[in-house]
Amino acid sequence: MKGILPRGSKKPFNFDIMNENRKTMKIAITGGKGGTGKSTISTSLASELSNSNRVMLVDADVECPDDHIILSTTQEKVEDVETLLPTFDQEKCTQCSSCSEACKENAVVFVKDRYPFIVSGQCNGCGACLYACPSGALQEGKQVVGTIYWGKCQRANESENLILVWGEIEIGCENTSLVVKSTRDYALNLISSTTLPDSDSKDDLIKSPEDSLPLDSGFDYVLVDTAAGTHCNVINAMIDVDLALAVTEPTPLGKHDLELIISLLEIMETPAQIIVNKSDRGDLNLIRNVSENFNIPLIQEIPYEKDIMKKQSRSQPVTYESFKELADSISDLHNTMIGEGRMHQ
């Protein structure tokens with residue numbers, strides 16, 4: 001099967017490097033450009049796959065999670081995401097400005113002849129200022145930077161086969177990567193556990209790797225809906241996935257940003273395939289050329305359809321032939337991997 005062909009390489013990256021020791025297939029739905037339809041495809045693909053599989057959808061776009069709205073899920077809080085937030089002891093502070101100079105996030109503000117102060121939303125919790133302070137005036141504190149949630153679809157045919165996990169950052173906070181990582185880690189704990197969270201008991205929620213069991217959970221697919229772009233949030237969301245679906249649109253900007261995300265996937269050595277949304281609203285040859293140049297298969301073309309938007313806005317299942325074909329393609333790949341011994345049955 002075709003994969004990534006890095007520039008200058010003689011053979012394409014192939015799917016044989018996928019983790020051979022797990023049945024659950026992890027797929028990132030990503031794309032450099034915003035507004036291409038990643039959430040539409042993520043939720044629709046999750047819905048289609050859940051007709052005959054156990055599916056977990058992880059919304060890793062923590063600045064604007066919307067999959068739970070599209071799917072009309074329940075919403076249960078799992079836990080807050082906390083990070084270090086230094087506090088000042090003014091009696092020990094000598095106003096030397098070392099803490100401010102050490103902070104690369106400009107979270108520590110120093111004005112001459114005044115005590116420094118911290119802009120909490122800018123602080124990423126690295127702790128550099130604590131080590132830089134010569135007088136021990138800084139102490140370790142904590143702040144909440146986000147929250148992790150989980151929920152089940154309230155549609156009768158999906159309630160048992162599809163669950164959603166998502167993270168949401170606190171308003172004004174900049175440390176989105178930590179919230180993405182914490183959300184991903186929680187989802188991975190659920191995959192490796194035989195116990196799912198129970199909405200009636202917070203004691204059943206998986207909190208840490210120590211609480212999880214290294215057994216097959218019965219999830220066939222984990223879909224990770226990433227943020228747009230190629231920044232740290234996207235990288236964190238795509239770590240250790242088996243496949244990345246790069247969603248784009250047939251426009252010059254769509255082509256440009258598709259090349260960026262594919263270049264990132266080359267660096268991460270992550271197998272990729274291309275999906276074109278709104279395929280009849282531009283020049284499809286732009287994307288076909290990218291597919292040929294990078295030796296990555298264009299596996300699905302989804303036309304612009306108002307019916308898709310109408311159903312989604314009403315939180316109704318989006319049933320469309322393109323999504324069924326996409327689900328079948330993913331299922332075939334998964335079964336092939338299992339059949340070839342690359343995953344435990």
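Glu 325 is partly exposed, with 38% relative accessibility, where partly exposed lies between buried (under 20% relative accessible area) and exposed (over 50%), using a 1.4 Å probe and protein chains only. This is a predicted model, in which local features need pLDDT of at least 70 and side-chain atom pairs count only at pLDDT 80 or more, while totals for chains, interfaces and linings use all residues. Residues are numbered from 1 along each chain as its sequence is written, and side-chain values use heavy atoms, with hydrogens and water left out.

**Overall structure**

- The protein has ten helices and 13 strands; these are DSSP runs numbered from the N terminus, with helices (H or I) of at least four residues and strands (E) of at least two.
- Buried residues make up 51% of the 345 residues of the protein.
- Among contacts (heavy atoms within 4.5 Å) with a separation of 6 or more, 74% join residues 24 or more positions apart.
- The protein has an accessible surface of about 16,100 Å², and carbon and sulfur atoms hold 46% of this surface; such areas come from the Shrake-Rupley method with a 1.4 Å probe, and for residues only the protein chains shown count as cover.

**Charged surface patches**

- Patch residues have over 30% relative accessible area and no salt bridge, with like charges joined within 9 Å and nonpolar side chains (Val, Leu, Ile, Met, Phe, Trp, Tyr) within 5 Å.
- A salt bridge is a side-chain nitrogen of Lys or Arg within 4 Å of a carboxyl oxygen of Asp or Glu.
- Lys and Arg count as positive and Asp and Glu as negative, without His and the chain ends; each charge is placed at NZ of Lys, CZ of Arg, CG of Asp or CD of Glu.
- Arg 281, Lys 306, Lys 310 and Arg 314 form a positive surface patch.
- Within that positive patch, Lys 310 belongs to helix α9 (residues 306–313) and is partly exposed at 46% relative accessible area.

**Ser 322 in helix α10**

- Helix α10 (residues 321–339) also contains Ser 322, which is buried at 7% relative accessibility.
- Beyond its neighbours within four places in sequence, Ser 322 contacts Gln 300, Glu 301, Ile 302 and Pro 303.

**Tyr 115 in a loop**

- Tyr 115 lies in the loop between β5 (108–109) and β6 (117–118) and is partly exposed, at 37% relative accessible area.
- With neighbours within four places in sequence set aside, Tyr 115 touches Gln 90, Cys 93 and Gln 95.
- Tyr 115 and Cys 93 are 22 residues apart along the chain, and their C-alpha atoms are 7.4 Å apart.
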